[in-house]
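I opened the model to look at the ligand site first, then a few helices and single residues. My notes follow in the order I looked things up.

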Amino acid sequence: MKSQICEMLGIEYPIFQGAMAWIANASLAAAVSEAGGLGIIAGGTAPTKLIREEVRKAKEITKKPIGVNIMLLSPYADDMARMVCEEGVKVVTTGAGTPGKYMDMWKAHDIKVIPVVPSVAIAKRMVRSGADAVIAEGTEAGGHVGELTTMVLVPQIVDAVDVPVIAAGGIGDGRGMAAAFMLGADAVQVGTRFLAAYECTVHENYKKRIFNAKDIDTIVTGRRTGHPVRILKNKLSRRFIELDQRLAPLDEYEKLGAGALARAVIDGDMDNGSIMAGQIAAIVNKEQSCKEIILELMTQANKLLSGG
Ligand code: TUI
């Protein structure tokens, strides 16, 4: 299953680790890259200095390629965009917006740019502005999501653009990976499954909630704000629903959401924290190393795709 994207990025397996804000740090990303996938450090809304340190730490752990994700809603996005050039990062993925204004700078630094896209129109726009590949992320994903499912989004984007397409959203094992390849994807991006990795430093309480999650345990909050976010149901998600029901002013969503992800990831607050997770959380049941996860996905997908 050596794909075009593996050649482009110099990786062994067509598996990206999803850029989970506050979670995907040097420990996780370096372990994924060392195991032959593409580890990605998530910029999230963290200050640039913190992420620069994570990039440097990761480079000490592995010599293999590592990506950085820039979340374009972050107040530090401009700074982060320069930092990846200064640190010699070779792969940048973006989320929650259009990175057009950074494209020339990144190209001048020989960076491969791979934006996450939630629709065909946005995918086409990204490719026109110079994207080397796109990540087609379905609404099954955790965190900030679009409307379309992976099943319908991936083949339509594959038909619409002439760059490699990485499928994301709802992929947690080799079956999902094989399905994504059948839809025309060149690689997959996996987030929630990597929460269960030994190398993932997310709070134990967060991991336990993932292990105990059932199929219907996630919900999309904040649709009214234009920034819908999929999280596990808890006290916080119920408070978001209350805001929807009384048509609360939009700044109340911002207040409720502020710092909520760090509360879950770092403090382990499973009531008032934002436990971002994809719909596939229910199949994630055991702790494994990144290497075990990647090899299991590859073995299972290869077997299915070869008719086994
Ligand atoms: O970015 C994500 N997922 C995320 S980011 C995040 S951090 C966060 N923290 C607090 C509040 C909100 C987010 C958690 N999860 N996924 C990639 C993604 N990108 N999903 C959807 C999009 C997207 C949406 C619109 C990409 C481009 C786009 O373009 C709109 C336009 O018109 O330019």
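I started with glutamate 137: a polar side-chain atom of this residue lies 3.2 Å from a nitrogen atom of the ligand. I count a polar contact as a pair of N or O atoms within 3.5 Å; within protein, one must be able to donate a hydrogen and the other to accept it, and residues adjacent in sequence count only if both atoms are side-chain atoms. This is a predicted model, where local features need pLDDT of at least 70, side-chain atom pairs count only at pLDDT 80 or more, and totals for chains, interfaces and linings use all residues. Residues are numbered from 1 along each chain as its sequence is written, and side-chain values use heavy atoms, with hydrogens and water left out.

Threonine 98 places a polar side-chain atom 2.5 Å from an oxygen atom of the ligand. For arginine 125 I noted 3.3 Å from a polar side-chain atom to an oxygen atom of the ligand. How much of the ligand does the protein bury? Taken alone, the ligand exposes 710 Å², and the protein buries 74% of that. These areas come from the Shrake-Rupley method with a 1.4 Å probe; for residues, only the protein chains shown count as cover. Helix 6 (120-128) and strand 7 (143-144) are the elements that give two or more residues to the shell around the ligand. Helices (H or I, at least four residues) and strands (E, at least two) are DSSP runs, numbered from the N terminus.

Then I listed the shell. It holds 13 residues, and the closest are Ala96, Thr98, Val116, Glu137 and His144; near means a heavy atom within 4 Å of the molecule. By class I found six nonpolar, five polar and two charged residues. Ala, Val, Leu, Ile, Met, Phe, Trp, Tyr, Cys and Pro are nonpolar here, Asp, Glu, Lys and Arg charged, and the others, Gly among them, polar.

I checked Ala96 again for its backbone. Alanine 96 has a positive phi of about 65 degrees although it is not a glycine. Most residues other than glycine have a negative phi. Alanine 96 sits in the loop between strand 4 (91-95) and helix 5 (103-108). Its relative accessible area is 27%, so alanine 96 is partly exposed. My classes are buried under 20% relative accessible area, exposed over 50%, and partly exposed in between (1.4 Å probe, protein chains only).

Tryptophan 22 also has a positive phi, near 70 degrees. I located tryptophan 22 in the loop between strand 1 and helix 2 (26-34). Tryptophan 22 is partly exposed, at 35%.

Next, helix 7 (residues 150-160). Which residues of helix 7 are buried? They are Thr150, Leu153, Val154 and Ile157. These cover an arc of only 95 degrees around the axis, so they sit on the same side of helix 7; the arc is that of the directions from the helix axis to the C-beta atoms. The face turned away carries the exposed residues Met151 and Asp159. Cover for the buried residues of helix 7 includes strand 5 (112-117), helix 6 and strand 6 (134-137).

I compared helix 10 (residues 235-245). Its buried residues are Leu236, Ser237, Phe240 and Leu243. They fall within an arc of 110 degrees and so line one face of helix 10. Arg238 and Gln245 are exposed on the other side. The buried residues pack against strand 10 (218-221), strand 11 (229-232), helix 11 (251-257) and helix 12 (260-265); contact means heavy atoms within 4.5 Å. Asparagine 234 caps the N-terminal end of helix 10, with a side-chain oxygen 3.1 Å from the backbone nitrogen of leucine 236. After helix 10 comes leucine 247, with a positive phi near 45 degrees.

Last, glutamine 17 in strand 1 (residues 15-17). Buried or exposed? Glutamine 17 has 0% relative accessibility, so it counts as buried. Its side chain reaches the backbone nitrogen of isoleucine 40 at 2.7 Å. Not counting residues up to four places away in sequence, glutamine 17 touches Ile40, Gln189 and Phe194, among others.
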